[in-house]
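Here is a friendly walk through one protein chain, meant to be read with the model open beside you. Shall we begin with a single side chain and work outwards?

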Amino acid sequence: MLPLVLTCLLLLGLVPAATAAQPEPAETKSFDRIPLSGIDARLMPAMADPTRVLTVMVQMEGAPVAVREARVEQRGQTLSRSTERAIRQNLQAQQNRIKDDIEALGGDVVSTVQDAYNGIKVQVAAKHLSRLADLPGARAVRDLQTFEPTNATSVPFIGAPQVWENLGLTGKNVKVGVIDTGIDYTHADFGGPGTVEAYESNDPEAIEGDTFPTAKVAGGYDFVGNSYDASSENPTVNTPQPDPDPLDCNGHGSHVSGTTAGLGVLADGSTFTGPYDPSTYENDFNVGPGVAPEATLYALKVFGCEGSTDVTVEAIDWAVEHDLDVINMSLGSPAGRSDDPTAVATNNAAKAGVIVVASAGNSGAANYLTGSPGSATRAISVAAMNSIETLDVADVTIEGQGTETLQNSNGADVSEPIAGTIRVLQDDPATDINEALGCQESDYDIVAPGDILVTFRGICPRIDRAILGQAAGAVAVVFINNEEGPPPVEGLIPDVDIPFLGATPEQADFFTQGDGEQGTITDGGVIDNPEFRTLAGFTSNGPRNGDSFPKPDLTAPGVSINSAFVGSGNQGFRLSGTSMASPHVAGVAALHRQARPDWSVEEAKAAIVNTANPGDIVGYSTVRAGSGLVDPADAVRTPVVATTEPGSASAAFGYIQFDDPISRSRTITLHNKSDEQVTYTTSVDADTDAGGAAQVQVEPSRVTVPANGSATVRLRLHVDPVAQPPAFQTVSGTVLVEPIVPVFLGSDASDLRVPYLAVPDPTSAVQTRPLKVNLKDGQESVDFRTRNRSDVTGTADVYALGMRDPNEDSPTTDVRAVGVQAFPAAGEDPAIGFFAFNTHSRVSNPAVNEWDVLIDTDEDGTDDYAVIGFDLGPILGAFDGRLGSFTVDLSTGEIIVAFFAAGGLNTSHVLLPFLPDTLGVDMENADFTYVAGVFSLEGFPDDIVDGRSAFNVIDQPVETGQFFILGGGERIEWSAGVDQEQLAETPVLGYMIVNANNHSGPPQADLVRLRR
């Protein structure tokens, strides 16, 4: 594919290869810069070792004493002194559990706070900041998004009550395991006592009595204990301490379990006992019933109260051993692969008869981010959509500015006008704190009681702005989003009584221009939600990392879902995420298992995936939404299912590199489980346009599936590499299988859909060879011949070859070569440089690695700067699959400048732009030395490249920056300068010619060694 460097860069002075045998080198390249506003200003490379000590606050998970007090006050209660002490001691114990880790990093704990803020003040070397954020319980590593319909909206939205009523299916006698943080079985939603006291008095390490306390939660196991966190380096924390009681101390697992199979809690706090039919929703609920309200739950607790886990495989193994019917895993890591251990265990569980449902992940729209264990071929991976039909809004009027309508994100009461001075948080240029984000208590020093506060979305949890704003005395908080549309709807925010209003980026000027003016908030009523039925912005995009297999499989509601609130007795709370979408489908799987207990897992999965409806999703995309919105009624009724390869209901063509026209085919098998034959028509419903380059056909167009038999159809793909654009593009859609007029009365045959996906990548075959490599005395240039042996257009981009590294057979991180190029300043454009990596193997998305270059500019043997290729998401708060190039001052840890990196997807090269003048490089001091390495975020071995290289930006030892575009079959001869005197001072190995559109691996860079 042509990388971003060709499509986003301005190439000045470029002479096309077709018109000149010796094109002039490009004078400069400009690149898309990333504004530093809103970026966490500290990013240390894995290779760096700066010694500067910084003072930071580690914000911990868990509500401080003041927040807990406010929660009980909402119920008309107060905390006793002894309870306050217990809360304080519990928070302090949580903090103490990571003190040893902090000290092991050379950190010094300055103080701890537990009442108004739950945090640890630490002095620590800058190089350990990223590891500090990974310690158990650190809030920076956790992003629980929230949005708004409840179960009483999302469950009927997918049509579950019709299954309860018309088919009599409620999941009865189906065993569902929830691999998560446990279940609060004292909650009324699970048939428990339904009181806070019952939860707080429960011994979390033992089952009181001989059996589990409710019929709903019939069993389970705590694999780790409450203190466990796999991310900790403290053996007392990262070593599981199992016990028999899976009582939830986090809340996530209880929320998920309620969506899957909760009984429901009426508005008076009592457990709902039925009937489960469309009349169910004539009642008022604190928490609506789950999708399969009479299924039996098993709590498989694999998390402590905070942190991560690595015992998921053991829990899957338990589910198989105990013959569970369904397991739900609302957990995972981004960019999941088929060979992840949890994916392998999932496939084996499915083979053993367990229907496995998992969340797709919350990493957003970049490709190859759908997570594991949902990456398993036999798992049902679930994306999230928005099922909120209407939004509460408020009108904000500012004197001299007019009126804007904002989202009432927490549903606050604005029936009476609220007036105050508009106060916009703004960054202080003298600090690196990003005060405008409102992430720290000190950011609110400018706020006076009665102000209407305005803050911006960035690197900390959204609701912190509401909590901190109210604490500062604001009468309302306006929260401006950093991407298109308003921010997520939050629903009720515990302990926040003031309005929390969401604004779009376009509304920012309205507030900044009105800063200091009088504003008034009034009720704006209700409007249609423009994002109703759209995919959630956070839902992770496919395909599967590594092989481009179709994932996710289908979609369910996952935006602001209301479900059981741990420790509350009978209350609900709202969360958003694919974690909330997955249990909807797990509930459907339970309904299907009840209806079709003799069907195989493969058939059950196919029924659920085949019957989903893409027409129910606005802006539907197969790559991100699978087959569409889950349909419980059709899933349990269909007598015919369509499968492809074993365990899959999708047609996978995968990633295909080619330079000649290709044809591929896949077989789709229709299985009829009924006693009557069914006849269907077949057609292709494409959702992508490959510019006429790809043709997808299915044959035959009509097929009859015999009773209790099967039939096959063939899906054929043809792609022309010349017509196909040389950039990442999918060929995707669904095969639509529609029943003709049923041949028997009362047929349950419904439309079936089989998603298909191909990622064709037409490749050039550009190759550069030197005419001579032995330098003679006085020689000032080297002659080359470059030829493109393919019909696909290719490129050649010239760098100074700094380092080579052997093939160590490590997926995605194994570096082959590193080079550098630089361009002088041109007009108003500053001088710019690029570091180039070439790897031995292909990486689907280079953001799964950290790409480090450490630079010594003053020849003192200590690296002064780093250019780091790193996923932009964590810098802003969450992994999202976009690779940035960050120049960091290693003496301070500050990000000096940031760009979007280049290399594209399914690539073996990465280009990291930098500005030489930010490295202290100028006419007087233009040379530097550098080392490089690649560090995996997927758990693969890291690769520190052998040796150290040098370069001079002004007096280049070898000339860099030539850039050629070669059409199919083109051949050119050209020369590049060499400065032998400078080569002796800043030695390089030779030339590195990056061929961005070639086949992945070594062909993406020609390495030319010079000999003197």
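## A buried arginine and its surroundings

Arg593 is buried, with a relative accessible area of 10%. Here buried means under 20% relative accessible area, exposed means over 50%, and partly exposed is in between, using a 1.4 Å probe and protein chains only. This is a predicted model, in which local features need pLDDT of at least 70 and side-chain atom pairs count only at pLDDT 80 or more, while totals for chains, interfaces and linings use all residues. Residues are numbered from 1 along each chain as its sequence is written, and side-chain values use heavy atoms, with hydrogens and water left out.

Arg593 lies in helix H14. Helices (H or I, at least four residues) and strands (E, at least two) are DSSP runs, numbered from the N terminus. Leaving aside residues up to four places away in sequence, Arg593 touches Val174, Asp325, Gly353, Ile355 and Val601; a contact means heavy atoms within 4.5 Å. The C-alpha atoms of Arg593 and Lys175 are separated by 9.5 Å, although these residues are 418 residues apart along the chain.

## The chain as a whole

The protein chain has 19 helices and 49 strands. Of its 1012 residues, 60% count as buried. Among contacts with a separation of 6 or more, 74% are accounted for by residues 24 or more positions apart.

## Helix H14 meets helix H9

H14 (residues 578-595) has a partner in H9 (residues 252-261): their axes come within 7 Å and cross at roughly 35 degrees. Axes are lines fitted to C-alpha atoms, for helices over the stretch in contact, and angles run from 0 to 180 degrees between N-to-C directions. On the H9 side, His252, His255, Val256, Thr259 and Thr260 take part, and they meet Ser579, Met580, Pro583, His584, Ala586 and Gly587 in H14. By class, this contact has 4 nonpolar, 7 polar and no charged residues. Ala, Val, Leu, Ile, Met, Phe, Trp, Tyr, Cys and Pro count as nonpolar, Asp, Glu, Lys and Arg as charged, and the others, Gly among them, as polar.

## Helix H10 and what covers it

Which residues of helix H10 (residues 312-321) are buried? They are Thr312, Ala315, Ile316, Trp318 and Ala319. Seen down the axis of H10, the buried residues fall within an arc of 155 degrees, so they line one face of the helix. That arc is taken from the directions from the helix axis to the C-beta atoms. Asp317 and Glu321 are exposed, on the face of H10 turned away from its buried side.

The cover over the buried residues of H10 includes strands E6 (175-180), E7 (217-222), E10 (296-301) and E11 (326-329), together with helix H11 (341-351). The axes of H10 and H11 come within 9 Å and cross at roughly 5 degrees. These two helices are therefore roughly parallel to each other, a label used for angles under 35 degrees. In this pairing, Thr312, Val313, Ile316 and Val320 of H10 meet Pro341, Thr342, Ala345, Thr346 and Ala349 of H11. The residues of this contact divide into 6 nonpolar, 3 polar and no charged.

## Backbone features to look for

Most residues other than glycine have a negative phi, and most peptide bonds are trans. The table gathers the exceptions described here.

| Feature | Residues | Angle |
|---|---|---|
| Positive phi | Asp323 | about 55 degrees |
| Positive phi | Ala335 | about 60 degrees |
| Cis peptide bond | Ser372 and Pro373 | omega about 10 degrees |
| Cis peptide bond | Lys551 and Pro552 | omega about 0 degrees |

Asp323 is found in the loop between H10 and E11, and at 55% relative accessibility Asp323 counts as exposed. Ala335 is in the loop between E11 and H11. Is Ala335 buried or exposed? Ala335 is buried, with a relative accessible area of 4%. As for the prolines, Pro373 lies in the loop between strand E12 (355-359) and strand E13 (380-385), and Pro552 lies in the loop between strand E20 (518-528) and strand E21 (554-557).

## A buried asparagine in a loop

Asn410 is found in the loop between strand E15 (402-408) and strand E16 (418-424). Asn410 is buried, with a relative accessible area of 8%. Apart from residues up to four places away in sequence, Asn410 touches Gly491, Leu492, Ile493, Val496, Ile498, Pro499 and Phe500. The C-alpha atoms of Asn410 and Glu490, 80 residues apart along the chain, are separated by 5.3 Å.

Conventions
Parallel < 35°, antiparallel > 145°, perpendicular 65-115°, else oblique.
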